[in-house]
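Subject: Handing over the two-chain model

Hi there,

Here is the structure I promised to pass on to you. Have a look at it first, and then read on for what turned up.

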Amino acid sequence: MALNLAEELSSIATNVAVSDWRQAVRYAGDGLVAGGVTTEDYTDQMIAAVEEHGPYIVIAPGVALAHARPSESVKKGGLSWVSLASPVEFGHKSNDPVSLVIGLAALDHTAHIEVLRAVAGILSNPATRSDLDAAASPEEVRSLLARAASPK
Amino acid sequence: MKIVAVCGMGIGTSVLLKMNAEKVLQDLGVDADIEAADIGVARGAAQTAEIVLTSQELAPEIGDVPAEVIVIENFFDLDEIHKKLSAAVR
């Protein structure tokens with residue numbers, strides 16, 4: 001896997017305490033805003049997307065990929081990483097509760113495909129996934145992602 | 001064969017689905033054209049597709065289409081996608 005996700009992440013937060021899914025998505029949105037990726041409007045759009053279409057962003061057990069449409073609220077493509085201190089329910093039938101929220105912003109429908117490929121590659125590996133779940137600091141997440149990106 | 005991968009926004013989950021479905025179809029030796037689409041354009045695209053891949057939540061929104069609608073629960077689980085797709089393409 002060539003792409004190092006650690007370099008793509010505009011913010012990483014671990015052990016984040018939230019009381020519901022909206023707070024969790026908002027936190028992921030704040031990470032994008034802090035990284036200069038999006039404006040605050042984008043955070044509201046990510047929440048609205050779930051309100052409109054349901055919790056389909058919970059794409060795998062324990063993982064939510066929060067995102068909205070490419071729009072003026074997106075300044076550049078980017079990702080944020082929020083691992084939760086205690087999992088929250090998104091209302092998904094089979095993949096709840098969620099312990100990791102990834103915020104995704106894209107300028108168009110194709111530019112971020114390599115980034116998504118890297119996300120899928122890392123999270124579909126059960127061993128890497130459980131290491132990442134246990135990571136206690138952003139530095140630890142970064143080094144795990146960097147290790148996953150470089151072939152041994 | 002034409003397949004449409006559908007999500008709400010057309011940038012996240014549908015792209016992941018497309019990626020993993022392509023991997024699976026390659027394994028199955030099936031030549032298919034997979035398009036990622038948001039729910040708005042998917043209804044149109046699904047009219048000419050043979051298979052629609054989507055999530056539980058969005059399946060009802062696609063409505064009545066001639067394509068076979070396959071619901072994927074875990075978008076990272078190649079085994080699940082493999083099982084469901086291979087049943088559909090045979």
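Let me start with a question: is B:Met9 buried or exposed? Before the answer, please keep in mind that this is a predicted model. With a relative accessible area of 5%, B:Met9 is buried. This residue sits in the loop between β1 and α1 of chain B. Setting aside neighbours within four places in sequence, B:Met9 is in contact with A:Ala49, A:His53, A:Tyr56, A:His67, A:Ala68, A:Arg69, A:His109 and B:Asp38. In space, the C-alpha atoms of B:Met9 and B:Ala37 are 7.7 Å apart, although 28 residues separate the two in sequence.

The interface

That brings us to the contact between the chains. On one side 30 residues of chain A take part, and they are in contact with 21 residues of chain B. About 2200 Å² is buried between chain A and chain B, and carbon and sulfur atoms give 68% of that area. Three residues, A:His53, A:Tyr56 and A:Ile59, supply 29% of the area that chain A buries against chain B, more than any other three residues.

Six residue pairs are in polar contact across the interface of chain A and chain B. On the chain A side, α3, β2 (58-60), β3 and α4 (113-123) each supply at least two residues that touch chain B. Among these elements, α4(A) gives the most, with five residues.

Helix α3 of chain A

Helix α3 of chain A runs over residues 40-53, and its 14 residues reach 21 Å from the first C-alpha to the last, close to the 20 Å expected at 1.5 Å a residue. Its buried residues are A:Tyr42, A:Thr43, A:Met46, A:Ile47, A:Ala49, A:Val50 and A:His53. Looking down the axis of α3(A), these buried residues fall within an arc of 155 degrees, so they line one face of the helix. The face turned away from that buried side carries the exposed residues A:Glu40 and A:Glu52.

What do the buried residues of α3(A) pack against? Within chain A the partners are α2 (21-34), β3 (63-67) and β5 (98-105), and from chain B they are α2 (39-45) and α3 (59-62). Just after the helix, A:Gly54 takes a positive phi of about 85 degrees.

A threonine in chain A

A:Thr14 belongs to strand β1 (residues 9-16) of chain A. Its relative accessibility is 14%, so A:Thr14 counts as buried, the limit being under 20%. A polar atom of the A:Thr14 side chain lies 3.1 Å from the backbone oxygen of A:Ala136. Beyond four places in sequence, A:Thr14 touches A:Ser83, A:Ala135, A:Ala136, A:Ser137, A:Pro138 and A:Val141.

Salt bridges in chain B

Over all chains, the structure holds eight salt bridges. One of them joins the side chains of B:Glu35 and B:Lys2, at 3.9 Å from N to O. B:Glu35 lies in strand β2 (residues 33-38) and B:Lys2 in strand β1 (residues 2-7) of chain B, so the pair ties together parts that are 33 residues apart in sequence. B:Glu35 is partly exposed at 31% relative accessible area, and B:Lys2 is partly exposed at 22%.

Another salt bridge links B:Lys18 with B:Glu22, whose closest N and O atoms are 3.0 Å apart. These residues are four apart in helix α1 (residues 13-28) of chain B, so about one helical turn separates them. B:Lys18 is partly exposed, with 24% relative accessible area, as is B:Glu22, with 33%.

In helix α4 (residues 78-89) of chain B, B:Lys84 and B:Glu80 are also four residues apart, about one turn of the helix. Their side chains meet in a salt bridge at 2.7 Å, N to O. Here B:Lys84 counts as partly exposed at 29% relative accessibility, whereas B:Glu80 counts as buried at 13%.

Methods. Residues are numbered from 1 along each chain as its sequence is written. Chains are lettered from A and ligands numbered from 1 in the order in which they are written. This is a predicted model: local features need pLDDT of at least 70, side-chain atom pairs count only at pLDDT 80 or more; totals for chains, interfaces and linings use all residues. Side-chain values use heavy atoms; hydrogens and water are left out. The expected span of a helix is 1.5 Å times one less than its number of residues. Buried means under 20% relative accessible area, exposed over 50%, partly exposed in between (1.4 Å probe, protein chains only). The arc is that of the directions from the helix axis to the C-beta atoms. Contact means heavy atoms within 4.5 Å. A polar contact is a pair of N or O atoms within 3.5 Å; within protein, one must be able to donate a hydrogen and the other to accept it, and residues adjacent in sequence count only if both atoms are side-chain atoms. Buried area is the accessible area (1.4 Å probe) that two parts lose on being put together, summed over both. A salt bridge is a side-chain nitrogen of Lys or Arg within 4 Å of a carboxyl oxygen of Asp or Glu.
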